[in-house]
Amino acid sequence: MSTEYIWEINAKNSPLLKKKCNHCDSNRFQCSDKFRLNAQKKNIDIWLIYRCVECNNRYNLALFSRIRTESIPKDLFLKMSENNCEIAWQYAFSHEVRRKNNVEADLDSVEYNIVHEEISVNEMLHLPSETLTFKINYPFDFHLRMSAVIRRCLNLSLRQLEQLIDNNAVSVNERPLQKKHKIKNGDVITINRQSLIALLSKENH
């Protein structure tokens, strides 16, 4: 038996691109959240527009090249035509799109917040379950480490988290947590309730 909580990780911005500007000395471009569509007869090219953070010079990140318009789902085409921000971010966070364009993202430029419920030791004491389960909602991947999220949401020091790991009290998707584990959407963290209580109670006395 387990008590489940949701941790929702929300990106505040899309990642900058590491790219040398040919108009100034900048080496970062920011997503404009706008698309450029260029139709030629029955084919269409679609790009995601980036702007230099210093001089506003434009760089077009290729999404579709010489593709038949009917090959693109109508709802997706409409959203790109309307510069839908959510769709723009899906491409801006896409490792595959960046790989095809041979560009690298500055993932450290992504700021984020985590929506989560604070759980006191007293609350943990009165839970009926042996374990605490935390499900991760993480729609945009920017290589965030699981250890950083656990520490932030449970107010743990690095030493405290390492103690839990050494005691095999933390698992991700039913496997022991690895310190370098990068979060994926839908990851499920399980922590032994008594081990966590003992650790936090010890620190508070």
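In what order do the five strands of the open sheet run? They go β5-β4-β3-β2-β6, with antiparallel pairing; two strands count as paired if DSSP finds at least two bridges between them, and strands (E, at least two residues) and helices (H or I, at least four) are DSSP runs numbered from the N terminus.

Quick housekeeping: this is a predicted model, where local features need pLDDT of at least 70 and side-chain atom pairs count only at pLDDT 80 or more, while totals for chains, interfaces and linings use all residues. Residues are numbered from 1 along each chain as its sequence is written, and side-chain values use heavy atoms, leaving out hydrogens and water.

Inside, β2 (residues 16-18) is joined to β3 (residues 28-40) by two bridges, and Leu17 sits opposite Phe29 in β3.

Now, the cores. A nonpolar core is a set of buried Ala, Val, Leu, Ile, Met, Phe, Trp, Tyr and Cys residues joined through side-chain atoms within 4.5 Å; buried means under 20% relative accessible area, with a 1.4 Å probe and protein chains only. The largest one has 41 residues, and Trp7, Ile9 and Phe134 are among those with the most contacts inside it.

Conventions: Buried means under 20% relative accessible area, exposed over 50%, partly exposed in between (1.4 Å probe, protein chains only).
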